[in-house]
Amino acid sequence: MKLSDLTVEAVNLALDEFDLRGRDGFLSKYHYGPARAYFVVRNGTRYDSKAVVGAAYGYLPGQDAVRSNDFSGGDKTVATVLRKLGFEVQVAPTQNPDWARDELILACDLVAKNGWRELRSTDDRVGELSALLQQLPLHPPATRLDTFRNRKGVARKTLDLASLLPGRTAIHSGKLDLLVLNDFRAAPEDMARVADQIRQTVADGSTSVDLSVAFEDEDEGASEGRILQRQHFARERDRKLRQRKINDFKAKHDNQVYCEVCLFDFGYFYGARGRDYIEVHHVVPLSQSGETTNRLKDLVLLCANCHRMIHRRSPWLKPDELRALIGNV
Ligand SMILES: [Zn+2]
Ligand SMILES: [Zn+2]
């Protein structure tokens with residue numbers, strides 16, 4: 001048997017039979033165990049991909065169904081062949097997604113507050129953190145297992161983090177774990193404040209948006225994590241704030257608006273379409289200011305390019321630093 005012999009018709013017939021017999025009946029007839037990772041999807045229904053392919057052989061002229069033991073191709077090969085035939089194949093997660101920086105900040109904060117010791121899964125604080133992490137929109141539901149950030153997993157992470165301290169034996173040395181831990185050791189108060197802000201932002205309900213997809217302008221390494229970063233950008237895009245700053249700037253600059261770093265003027269360059277366009281940048285990251293009020297003196301007007309360059313990498317540049325960088329000192 002060759003996987004390349006398979007046809008769309010044979011696979012569809014096998015799927016029809018699956019529908020008819022039900023999953024248990026189908027799997028037991030063809031002697032397959034339930035699939036763990038790869039599923040063919042037809043009309044929104046998921047089918048165990050390997051069993052379907054094994055059965056599909058029986059629908060090819062002059063061929064017999066193939067049993068699990070006689071299968072030469074791995075799950076991945078089977079998925080590739082099905083996709084080539086035009087079928088949708090879903091890969092179920094086999095493990096929970098890696099911890100994001102925001103999650104590690106919260107876990108590390110707990111470890112720090114616990115005298116740099118791990119916490120037990122029965123600890124109330126572990127239960128609270130577990131509930132909070134399950135609520136964060138950092139990982140899409142389809143990537144999570146039932147055990148996602150449960151008490152046991154959270155307690156385990158506190159143990160991992162605590163074990164990374166100098167003089168202890170690292171149990172699991174994740175690169176990001178170590179980075180976040182070192183951020184905490186270098187600036188314990190700052191990081192504790194960042195953790196507070198993340199909790200506050202989540203409690204305010206302002207993180208209901210999906211954060212699992214990174215924005216182009218996001219800096220993955222931002223020490224404050226994605227939640228506060230996204231919150232920072234949301235604040236900068238606030239219409240009222242933008243208008244307030246533009247009006248103030250115009251009053252002081254002969255009714256003009258332009259980039260305060262490179263002097264780019266959208267209205268001058270693009271004509272009517274660009275008139276009054278400018279981006280507002282908050283010089284103080286939300287994680288540092290810890291306040292939601294916007295003082296005009298903390299705001300600066302930037303063109304889209306300069307704004308992007310400031311946010312491109314952590315730590316964010318100050319406008320003066322960008323000015324120096326482009327020689328417009
Ligand atoms: Zn500029
Ligand atoms: Zn900005």
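Biologist: Which residues coordinate the zinc ion (ligand 1)?

Modeller: A word on conventions: this is a predicted model, in which local features need pLDDT of at least 70 and side-chain atom pairs count only at pLDDT 80 or more, while totals for chains, interfaces and linings use all residues. Residues are numbered from 1 along each chain as its sequence is written, chains are lettered from A and ligands numbered from 1 in the order in which they are written, and side-chain values use heavy atoms, with hydrogens and water left out. Donors are N, O and S atoms within 2.8 Å of the metal (3.2 Å for Na, K and Ca); water is not among the atoms, so sites may look incomplete. Here the SG atoms of C259, C262, C303 and C306 coordinate the zinc ion (ligand 1) at 2.3 to 2.4 Å. Along the sequence, these donor residues follow the spacing C-x2-C-x40-C-x2-C.

Biologist: What geometry does the site of the zinc ion (ligand 1) have?

Modeller: Ideal angles at a metal are 109.5 degrees for four tetrahedral donors. Four donors count as tetrahedral if all angles lie between 85 and 135 degrees. The four donor atoms of the zinc ion (ligand 1) give angles of 103 to 117 degrees, and the site is tetrahedral.

Biologist: Is C259 buried or exposed?

Modeller: Buried means under 20% relative accessible area, exposed over 50%, and partly exposed in between (1.4 Å probe, protein chains only). C259 has a relative accessible area of 0% and is therefore buried. C262, at 31%, counts as partly exposed.

Biologist: At what angle do helix α4 and helix α7 cross?

Modeller: Two packed helices are described by the angle between their axes and the distance between the axes. Axes are lines fitted to C-alpha atoms, for helices over the stretch in contact, and angles run from 0 to 180 degrees between N-to-C directions. The axes of α4 (residues 101-113) and α7 (residues 175-186) cross at roughly 50 degrees and come within 9 Å. Angles under 35 degrees count as roughly parallel, over 145 as roughly antiparallel, 65 to 115 as roughly perpendicular and the rest as oblique. The pair α4 and α7 is therefore oblique.

Biologist: How does α4 pack with helix α6?

Modeller: The angle between α4 and α6 (residues 151-163) is about 70 degrees, with the axes 9 Å apart. That makes α4 roughly perpendicular to α6.

Biologist: Where does D109 lie, and which residues does D109 contact?

Modeller: D109 lies in helix α4 and is buried, with a relative accessible area of 3%. Contact means heavy atoms within 4.5 Å. Leaving aside neighbours within four places in sequence, D109 is in contact with F184, A192, A195 and R199.

Key:
Four donors count as tetrahedral if all angles lie between 85 and 135 degrees; four count as square planar and six as octahedral if opposite donors are over 155 degrees apart and all others between 65 and 115; anything else is irregular. Helices (H or I, at least four residues) and strands (E, at least two) are DSSP runs, numbered from the N terminus.
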